[in-house]
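The following exercises are to be worked with the sequence and the coordinates at hand. Each task is followed by a solution in steps.

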Amino acid sequence: MESLVSLLLSIFTLFGFYSLLAFGLGIIFGQLGVVNVAHGEFVMVGAFLMYAMAGIPFWPRLLVVVLLGLALGVITERLVLSRLYARGFLATLLAMWGVGIVLRQGADAVFGSTPASVAAPISGTLDVLGVQYPLYRLVITVIALAVVGCGLLLLYRSNLGMRIRATVDNRTMASLLGIPPTLIITGTFATGTGFAVLAGALQSPMLGVTPGVGVSFLAPAFFAVLIGRPGSLSGPIFGALVVAILSTLLRTYLNETVAQLILFALLIILIAVRPNGLSWRKPQWKIAPAVPATRNGAPA
Amino acid sequence: MRFLKPVTNWRRRVERRHAIALVSAVLVLAVVPFLLPAYPLALLTLALAYGLFAFGLDLGWGRAGVISIGHAAFFGIGAYGAAIAVNTGMPIAIGVAAALALSALVALGIGRVGLGGRALASTMAVLTLALTLLAEQIARSWLDVTNGSNGLFVPSPGVVDNYYRTAIVALVVVTAVWYVALRGPLGRRLLAVRVNEQRTEHLGVDPHRTKTKVFVLSALVATVAGSAAAPVIGLVSPATAGIVMSTQVLVWLAVGGRGTIIGAFLGAGIVTIGQEYLGEAIGSWYLLVMGVAFILVVRFAPGGLVGLATKLRSSPLARSAAQDALIVSDRTDADIASGRSAAAAGGSNFDRFRQDEEMSIRNPIDLDPAALSLQDVTKSFGAVPVVRGVTLNIPAGQIVCLIGPNGAGKTTLLNLVAGDLPVSSGQIRIRDREVTSSSAHERASLGLGRLFQIPSIYQELTPAQNMAMARAEAFQLVDLPEELERFANNSDVLTQDLPLADQRALELAMSIAWGPEIVLLDEPAAGLSHEDSVRLAQTLRIVNRQLGCTLVIVEHDMDIVRQLADRVVVLADGMVLVDGDMDEVSAHADVRNAYLGAV
Amino acid sequence: MNRSRRLSTATVILTATALVLTGCGAASTSAQAPSSGKTLKIGLIAPVTGPAVQEGLALQRGFELGVKKINEAGGVLGHPVEVVTVDDQANASKSTQLPQRLVAQDKVDYLFGTIPGDTTAAVGKVSQASKVPFSSVVLGDASFCGPYFYPFGEPDLTMLDVIVPQMMNKYGKQVAMVGNDYVFPRGYMAKARTIVEAAGGSVSVEEYSPLGTADWQPVVNKLSAAKPDWILSAVVGGDATSLVSQADQAGLLHATGFSGVSIMQDYYPGLTTRIDGMQLPGRYSDQLTGQANSEFVQNYRKTYDFAAPIPGVAANAYEGVQMVARAVEKAGSTDADAVTAALSGATIENGVFGSGHFTKDRRFVTEMHLLDIQPGGKYSPVQSYKAPEDAGNGAQCAS
């Protein structure tokens, strides 16, 4: 019983973190067609910013860090990406790869490579059905899920969200309707990176913060985005749940090395069976008839 | 067009400039060890092995647009194959052969899933990413065989020996792949698939199969590169197959330039050698400098260094557009003869003829009067029915015009027939063959040609190359009406720069040059002036008369319909309203009601 | 593009590259006169970029200070020591190519450095093949041995033989083991397990996670579930901070003991107050008394503007290079066999960590200290003990 509860709690908190990562990566991928391979580096930046401004109390600091993260997103989009969209997703992927190196080495130059740490604002544990669980983890998971929830609501239920989706569907039409596409594209990218920076900032008290810390977050987020239905906005969150469950289950019941092996193998099989992604809205487990692809998900 | 003389493939594939290039490459590679001290030579050796790896990736990414962000998995398989063989005392050839077999198998599996009909572009990305992570993890965990994170030591036979071995492997592999694949039908089809997959499919080429083929080839070259690199690297560790290596090779290619042989080697060489000396000069800052430099290359030199060099001076448009693929049919008269007899013997096995690059010949059409028949075909998008039970029999040689108000389902019906959309229910037959669930390219290889509302042509090639491509993949050889021949010699412009009317004419010309028996046309006269429309109608008549093509035309312009149609089918609300000749149709009261505006 | 032109471009580029490379080669060989047996030339392999950058930097800094000290005292054989530094990025394939270059092109007399065990083994193989002596200074048993290899690092056993029984007395006999998944932690834990079992204890859980693991929850859960009396950890780098902070937040560190290489000086800046009061064994601490150490600490802090606890690998590099210099001086030449002969009997007297010598199986042993971690990162020696002469798999490597 206790082990089940702690397993569920681990899945829950990991899901919170991954859904924040995957949502950010997902809106950038789904809306802009950019595979943001520097996403892990934005997480790292979030954690380092928390470390760098240790003088400010935790929660206000979080706000400042997210604002700085948004600014970083705007700068990156304007300087690097703005003219690359038309050249397809490998061009932007490679450019973001370069941005990742620059961020990593920049952090190394500024902060050095010694692991840094951030003090948690909440210590202590909470008794959940007989399991002592770190309170801070629960708090940030709730924050993460709330933020993701708001993001989804905003995209699906608000005027702005509709504009964003309209811009992506048809840029010319959107600009004829008086929606400045540049602003919305920049805004989308900045929001995506903002989510990553927030994830890093929230996670920072649990990490040894080094310039390379973000690298390990890219693969799970990437998988989460791509096993969800591509292009959908809630897909990555579903994907994050799948990845969190798989990874926690495997790592709990198997040794770590085998767990990794099986995780990657399972992902390959999952994608082989459902190349068009999983969706929690209408899970279609029957194989769809062989339809010639009429439209590629992203320009190749 | 006729093949006047049998031309041997060898003469056609290797031009003088290629021979010069090969000889100079051999000379340069042979001389280098006499000029370089040991360590730079070792670096250059490494750069050659890495260059071969990049060349392998380029086959897929650069030439067919197949994405692999985990290509180091194959490189690693090759390196481990060689290393394990050396460490267990087996002949190295066995290790390499086993590695090649494994790579081919893995690549085939990945290709079938990631490049299949249901896959998205991102599927391939995530599959290959998972593959490289998996490969790295296996190398790290399988202690007994791979020695885990400590890796396997591969003794070097000496710097100069190593260099010559690597250079020979690189030269032989590149030359062989270039000669057999890139200058052959595969190279042409890769180009076609990359530039316009839709059109290529309607020329009867299976794009998925083509891409899977090149992905396997690309994996094999990477495997050979890994085997060659093992003694040069000296230590084969899990990172050899890992994600860092996988991104490295993307970087080399992006820096060097995609779609060229020299670009792959140049990129690998400059980055490998450059970071060595840069690292020495500025220490750990070099990574930052590399990152910035890399962003600048991606941002401002999309063609990489080779692209920059090309910009600086002009080269023939056609040649740079074709990425050195040879767009001519590889058939000779002898092939045609043997194809004909094979066709006579083997009946209607079209696929085999296509894939074997042989000639398939027209089945005697008069055996079955219906060139195309639809039996109660329906199509719904979600809950919305668009085509609601259409039954049509079109005899060979007829010109049928489909008319009807907007939203009647005309274009959808063409898409259903061409295989661009699957039917919801019903049956479609082309001649005597049931094709209801066949893909577009399978239907095309029964002689079904297709023209689109927005012309679908090879935008990045010249008109002459478009025509040559259609003829190289031809269903049957035909003599084009003079009217349509004008593009065959136009090599001065890319088709994307042609005016719309010319693009449309080109699409018609190449579709007819391809030699179809049935052609589906979607509003061929839209946007043309009246005179042009009339001329178009005349051309279509000639095509029908001279070549015996069955034409199914969606058209709004009633003048054209009147001039052309042997038979008019009126669609309304997804159903056949009237089916008859022009007079019957225009006399029909329902048509006046449903379709008054355009008459 | 015209292919023959393209190829001629290629020819030009290749030739140019060749010329540049030869130019570089020629320049570096002509600037540095060929080794005459008089000038000692050392090749330093330090991973100052990549995953082991932290240890790599400490290694490079300790080494530089050591060389500076030698040269201020008049150098070796009457000439200042020359150094060629390369960065292997803690990547074993680079650690194979670079020493080959150091030997073939730079003609170094001695190879020095490396951090991760696989890179040490890689350099060891080159050293053996080219008969150039090599010393590593990182702690832990190297997974390599040979007649030209003289490791200065603390052997695994010297870091376990005292702390393990002590922790068992203090906390209990149930031990949990956790480490990163590579060669050193596995070897370290294997030896620890032998000691634990010999002393009547048992290992309740043993876990290895890949380097770069950030989410340690499943591991922490497994550790909690096993209810060990204390935890021995060989999780390194940033991972050490992640593990310790996540275990701490889960309340695992309140009653359970914790020790191992995870809490050594290198990682203190990330671990901070969470590990105050814990104990670990070590050869070196900047809190050790003695003239040599206070001079070293002062120099190190001033030169590198460094406030954190000074890592042991820096001290090892500092003393190690001086010891090599003395051996060369004693041998009277840079001849490999003469130098290794001299090294076999070499000792350190009154160094930054007291004195030490090579055992028969060419492992370097010194007096060891039990270090008590006090607030502010003071690793205070509270007890000293003598390291065992037999450092484990001696038979395999005996010359």
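Two residues are in contact when heavy atoms of theirs lie within 4.5 Å. The model is a predicted one: local features need pLDDT of at least 70, side-chain atom pairs count only at pLDDT 80 or more, and totals for chains, interfaces and linings use all residues. Residues are numbered from 1 along each chain as its sequence is written, chains are lettered from A in the order in which they are written, and side-chain values use heavy atoms, with hydrogens and water left out.

**Exercise 1. The nonpolar cores**

Determine which residues have the most contacts inside the largest nonpolar core, and list what Phe223(A) touches.

Solution. Step 1: a nonpolar core is a set of buried Ala, Val, Leu, Ile, Met, Phe, Trp, Tyr and Cys residues joined through side-chain atoms within 4.5 Å; buried means under 20% relative accessible area (1.4 Å probe, protein chains only).
Step 1: the largest such core has 190 residues, and Phe223(A) and Phe55(B) have the most contacts inside it. Helix H3 of chain B (residues 38–64) gives the most to this core, 17 residues; helices are DSSP runs of H or I with at least four residues, strands are runs of E with at least two, and both are numbered from the N terminus.
Step 2: leaving aside residues up to four places away in sequence, Phe223(A) touches Val243(A), Phe264(A) and Leu267(A) as well as Val126(B), Leu129(B), Ala130(B) and Leu133(B).
Step 3: a second, separate core has 57 residues, including Phe184(C) and Tyr268(C).

**Exercise 2. The setting of Thr193(A)**

Solution. Step 1: Thr193(A) lies in helix H8 of chain A (residues 181–203).
Step 1: beyond four places in sequence, the residues touched by Thr193(A) include Ile28(A), Asn36(A) and Phe42(A).
Step 2: for the chain as a whole, 56% of the 300 residues of chain A are buried, and its secondary structure comes to 11 helices and 2 strands.

**Exercise 3. The parallel sheet of chain C**

Derive the strand order of the open sheet in chain C and the handedness of the unit made by S1(C), H2(C) and S2(C).

Solution. Step 1: two strands pair if DSSP finds at least two bridges between them.
Step 1: the sheet has 4 strands in the order S2-S1-S3-S4, with parallel pairing. Strand S2 (82–86) and strand S4 (134–135) of chain C are its edge strands, each pairing on one side only.
Step 2: S1(C) and S2(C) are paired over 5 bridges, with Thr85(C) in S2(C) as the bridge partner of Leu44(C). Strand S3 of chain C (residues 110–113) is joined to S4(C) by 2 bridges.
Step 3: helix H2 of chain C (residues 53–72) lies across S1, S2 and S3 of chain C and runs at about 165° to S1(C); axes are lines fitted to C-alpha atoms, for helices over the stretch in contact, and angles run from 0 to 180 degrees between N-to-C directions.
Step 4: S1(C), H2(C) and S2(C) form a right-handed β-α-β unit, right-handed meaning that, with the strands pointing away from the viewer, the path from the first strand over the helix to the second runs clockwise.

Methods:
Buried < 20%, exposed > 50% of the residue type's maximum accessible area, 1.4 Å probe, protein only.
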